[in-house]
Amino acid sequence: MTQKTQSRSGGRSARRAARAAPLADHLRPIRPGMSGGQYAPMSASDLDRIHHAALEALETIGLADAPESGIAYLTKAGAKLGDDGRIRFPRSLVEDAIASANRSITLYGRDPRHDLELSGTRVHYGTAGAAVHLVEADGRTYRESTLQDLYDAARITDVLDNVHFLQRPMVARDITDNREMDLNTVYVTTSGTTKHIGTSFYDRSHVAPALEMLHMIAGGEDKWRERPFMSNSNCFVVPPMKFATESCEVMEECIKYGMPVLLLSAGMAGATAPSTVAGAIVQATAECLAGLVYVQAVKPGHPAIFGTWPFGLDLRTGAMTGGSGEQALLTAGCAQMHKYYDLPGGAAAGIADSKLPDMQAGWEQMCSNVMAGLSGLNMVYEAAGMHASLLGFCLESLILSDDLIGQALRCVRGIEVNDETLAVDEIRKVCIGGPGHYLGTEQTLGRMQADHVYPALGDRTSPKEWNENGKPDLIEKAKARKEEILSQRSAARFDPALDAAIRRQFKIHLPG
């Protein structure tokens, strides 16, 4: 009996150890770049109508306020400058730009493990935004965000499996000089994570020194151009239907240096975009098509993300409603248009109007994150940590979002139907001469890691166990995890010699 018991115990221990070991990437139940696209709120004819409405707007209304350099690029490509100063886009010009644009682009990480392939309906979740406050979840307070906060967000993002990229989520409000803020943003994000990073620049003159730093980090300009691990988030338009002159100049400079560009149109439905979901999508699509023509005119084939980001508005108050059902529909509809054109695209989801990581934040963040993923959105921006309709960013919420996005990704993966998953043989074994349940069966044990996503912080214990465990609080658990991550040195930190060289050449505000 003793020998039999030891044998069974050893087998059980071995199975437990196998289940506890990390799965190979291709066996994980969720991973970056899984294909969505199961959800389609608009019909094929709806998409055709939005496309033709966008073409009509570009041909008859056009966009105002292009910089002189932009006018030169666009008119040379075939756009028409009117007497009213607006640039109009013939349909054939727009259709040619769509036809010649990239169908797939790769956003590189400093570590190739984090490369993101943007094509088809491959889904990736990450941060974004320019929050001016950090949410102190334990104290339920807001304060101005700092460079240290941005660095901490990068370090936390680096270890979260389900947050696939870092676009700057906060502004370093403790740095008043805009040039120094832009350069320090590049420094702290790249030294905090080896995932792909998105950032913006206040002025075109800030791009060249930022690229000097990025060349140093990459090991030379040639290596940077081979694998650009940072992209430019560029609000090239001021809706409705106006170019943002200075941002367009920044975009031209970024293209010159080989930096991928996110063409970002962020109208507010009911204020700077039509109040209807369809109308807001038409305008955002038209604006981003204009941006696509612009990029192709500057440098054909340059990597550009079709960034339709229309936001919802509470028409009773004029307040932004990033956590609304309308926002989820806006984002899902934009994802459909990206697929209609077969262009790499991104939009906003996961925003909470709630001021704290509470129940309201949970339903708001999950609603749009799931719908974005099911729609096959390539880049789901602002998916983690964002509160107060983009005014506040919370590090504890960023950590909790890793669990939330994990469940969203499981929805994206969907239901596999094949001979093994139909499980008729399994049903037969259990029901005929078997134990009458599936607990502990070979299939259950064999697939429990590959099929199921388990929360890292979410609590699934019984009320009795929860009570015995001291009634753990979710925010406290997230805070403890934050402190654990930040107590360790960043895995993305620079070699000391490189760090010293950067600090000699640039005024870095983060303590060494």
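On a 1 Å grid over the protein atoms alone, a cavity is a set of points where a 1.4 Å probe fits but cannot get out, whereas a pocket is an open set with protein on both sides within 12 Å along at least five of seven lines; lining residues have an atom within 4 Å of a point. Grid points are joined across faces, edges and corners, and a volume is the space filled by probe spheres set on the points. This is a predicted model, in which local features need pLDDT of at least 70 and side-chain atom pairs count only at pLDDT 80 or more, while totals for chains, interfaces and linings use all residues. Residues are numbered from 1 along each chain as its sequence is written, and side-chain values use heavy atoms, leaving out hydrogens and water.

By this rule, the count comes to 1 cavity of 30 Å³ or more. About 80 Å³ of space lies within the largest cavity, and its lining includes Asn102, Leu292, His302, Phe306 and Pro344. Helix α10 and strand β13 (304–308) each give two or more residues to this lining; helices (H or I, at least four residues) and strands (E, at least two) are DSSP runs, numbered from the N terminus.

Now look at the second largest pocket, which holds about 530 Å³ of space. Of its 25 lining residues, Ala130, Arg168, Ser200, Ser233 and Cys235 lie nearest the centre. The largest share of the lining, 3 residues, comes from β11.

What about the packing? A nonpolar core is a set of buried Ala, Val, Leu, Ile, Met, Phe, Trp, Tyr and Cys residues joined through side-chain atoms within 4.5 Å; buried means under 20% relative accessible area, exposed over 50%, and partly exposed in between (1.4 Å probe, protein chains only). The largest such core has 108 residues, of which Leu58, Phe89, Tyr125, Phe243 and Trp309 touch the most other members. Helix α10 (residues 277–298) gives the most to this core, with 12 residues. A second, separate core of 31 residues includes Leu211, Met230, Tyr257 and Phe494.

Finally, find serine 324 in the loop between β15 (319–320) and α11 (325–341). Serine 324 counts as buried because its relative accessible area is 12%. Its side chain reaches the backbone nitrogen of glutamine 327 at 3.1 Å.

Technical notes: A polar contact is a pair of N or O atoms within 3.5 Å; within protein, one must be able to donate a hydrogen and the other to accept it, and residues adjacent in sequence count only if both atoms are side-chain atoms.
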